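Q: I have a model open and would like to learn how to read its features. Could you walk me through it?
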Amino acid sequence: MSLELVWFCLGALSLAAYVVLDGFDLGTGILHFVAPATARERALSMKSIGPVWDGNEVWLLAAAATLYLAFPKLYATAISGFYLPVTILIWLLAFRALGIEMKHHLHHPLWDEIWDVAFFGASTLITLFLGVALGNLVRGVSIDASGKFFAPLWTNFAVGEEVGILDWFTLLVGLTATASVALHGAIWLAHRVEGPVETRARKLVAPLAIVTLLSLLLTSAGLVVVRPDLPASLALRPLVFLLPALALVGLGAALGLARRGDYRRAFLGSATFLAAMVLTAAATIYPNVIVARIGERSISASAAKAGEYGLSVGLYWWIPGVLLAMSYFAFLYRKLPRALRDADLDDHTD
Amino acid sequence: MDATFLHRLQFAFTITYHYLFPQLTMGLGLVIVILKYRATFKGDVVAAECARFLAKLFALNFVMGVVTGIPMEFQFGAGWSRFAEAAGGVIGQTLAMEGVFAFFLESSFLYLLIFGEKKLSPRAHFASAVAVMTGSWASAYFIIVTNAWMQHPVGHEVLADGSIELTSLSAYLLNPWAPVQFAHTIAGSCLTAFVVTASLGAFYTLMGSHQAHAAKLLKVGVIGGLVAAISMAMPTGDLQARLVIKHQPIAFAAMEGHFHTEDSAGLALIGQPNMETMTLDNPIVVPSALSFMTYQRFDARIEGLTSFPREEWPDNVPLLYYAYHLMVGIGTLLIGLMAVSALALWRKRLGRTKPLLWALMLALPFPYIANTAGWLTAELGRQPWLIYGLMRTRDGSSTVVSTGNILFALLGYMGLYALLSMLFFFLFVRIVGKGPSVTPVAAEAAT
């Protein structure tokens, strides 16, 4: 296994960790006006992610920085090429953080409302945009002869040579991401909250799983249309098909276990589903790190990678460092209450 | 307005605003650890309540730091893609280390610090305060190593295609510039936190509320503030200046407003740099002092700005000069204020000396100004280089982003940060208004 493949896998795994972990708190946000119905229920729902959302979001920064360490050209080309959507995403992340962290400072219906809307709106748009971003990476971007690109927000919504951020394919990926993450959030709420929120979250699981599956099928069909080269290149690496298979097993397990009322294991099922989907997307991109609409302009992992010394010395601290980070997560999650009740809202020391 | 200028303005604006928050939290982490130590191991009830109170301010500042910090992680790529691509093999290491070793630690234990007092044993709660402080200081170290490499690059090799590869991680992490800059930055952060602590103590004393807590905050703030203010100058500021003289003599001349090479050079205290005549207008100069402070000899020769080629000069000499003089001037005044306050504290007169309490209360913004001016000095002094001696600033910016798009992002950040400022002040005033004592009865009992 080459060093660049090791780092490609570590980058993809960090992104998968981000999607699984931030996924449930984003999903909680997407369902903020569906699962909870009253102001108290919304407070309870938000409280279930309060202690962990920030640590979860750190995985996005860690994944970005890991990819930067290993593939500086990827980071430099992609972040400047996606200048506008990255900037807008950052603003949305800011509003979401405010939505969660401002609310508990004072208790007034107007104050609650504004931050509830911010939390819901930003969570939904962030998930949609991250899905769209993934769609862009899989579909490929319009890299010019000098090896650079600057993606406009949209062109004509068709998938041609000159593409924008938003087109029918990337929006479809965005929709799939939103449905998958909402499903993950519903299972989280069913597992971690008791009372009416739990009941409503349980009822949402099956419909969301069906929407996820349908949009996933549409996306897969669309993928073959926008990347006609893909079937042939994946046929050379048949083991990659294990990943979407694992994703389907995860989704099936999530639905089956939820029906039996085992939401703890169902959560692991939807986590497996999300992680396997991210890894599948990564596999469709490799051996490139940025796919170009004009195939030969794609930027390969070996062309984008940092020096050999940096890549090998990086492994010596990155792996122990991430294991250490996981131990903090394990410690923190074990300190959380198993499931929140309405009465927990009045306990302000918590 | 060319694209590079707008990229610089956007980076300067977002980083300056961002650093108002970590600047406080790094030092406040230490203040909380000190108070928690007294509370946990000495049974000091007032210290426990003060720690809980400051932890609320810490949490508010931490959120602001997170919200304004996320953009920074992406600005290297967004606005500075040619720099990011060339230097990523080196600075990618520390940016990733910051995420892995610092952010996870901070974000995981902050919750336990703020909400975990009843869930954890007192010692475990004390340990989470230490963990949060360690995380924020580690974060600072990794960022400072990144900046130190841009100031004084080591441990790398430049390849034929212009990209820069890491050759020694230990040389990079132990860059001689880094520990000095780290110590100076942390001392500055502690100064901000102790001054804010003392300022709050002075405010409550003058208000006549939370008396026991006010006395505690004053004591911790004044003693810590004195130590921090002195260590800003000696040894950390002095060591930092020596590095600048040795490795960036042009920046040093510009900072001092020293235009012409002289034996026995004077130290300019005030005066306005005049770039037409290459002199200081309305100067007050201490004769021979610059030579003495630099080389401990009154007749030592100090190279002036005009002895260097013009294209090597920092591109904004007056701003660099003012930034440096503001930093040193405010730092010196704060040493004086803290020394006098410490004397009054020792004589047990501080709580009754009204002018001194007023001065302490109103001192609150000044360490922020000094810290900001210090960073301006470091960053403007490095110009015209982005990586000193390796890459010029104008060669590092993104070429694919048009000026209209940069301005769109810049205006958006300004609007967002205006909103953040309003929220911050509103909540800061609320927290300070409620004050440190949980109930009036507890405050009575503690006195």
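Q: What follows α7(B), and what is its phi?
A: The model is a predicted one, where local features need pLDDT of at least 70, side-chain atom pairs count only at pLDDT 80 or more, and totals for chains, interfaces and linings use all residues. Residues are numbered from 1 along each chain as its sequence is written, while chains are lettered from A and ligands numbered from 1 in the order in which they are written. Helices (DSSP runs of H or I, at least four residues) and strands (E, at least two) are numbered from the N terminus. Here, α7(B) is followed by Gly208(B), with a positive phi near 75°.

Q: How many residues does helix α7 of chain B have, and how far does it reach?
A: The expected span of a helix is 1.5 Å times one less than its number of residues. Helix α7 of chain B (residues 177-207) has 31 residues and reaches 45 Å from first C-alpha to last, close to the expected 45 Å.

Q: Is α7(B) largely enclosed or open?
A: A residue is buried if 20 or more other C-beta atoms, placed from the backbone, lie within 10 Å of its own, exposed if 12 or fewer, and partly exposed in between. In α7(B), 27 of the 31 residues are buried, so this helix is largely enclosed by the rest of the structure.

Q: Where is Pro235(B) found, and what kind of peptide bond joins Met234(B) to Pro235(B)?
A: Pro235(B) is found in helix α8 (residues 211-247) of chain B, and the bond from Met234(B) is cis, with omega about 0°. In chain A, a cis peptide bond joins Tyr286(A) and Pro287(A), with omega about 10°. Pro287(A) is found in the loop between α11 (263-285) and β1 (288-290) of chain A.

Q: How many residues does each chain bring to the contact?
A: Two residues are in contact if their C-beta atoms, placed from the backbone, lie within 7 Å. Chain A gives 51 residues and chain B gives 48. The largest share of chain A's side, 13 residues, comes from α13(A).
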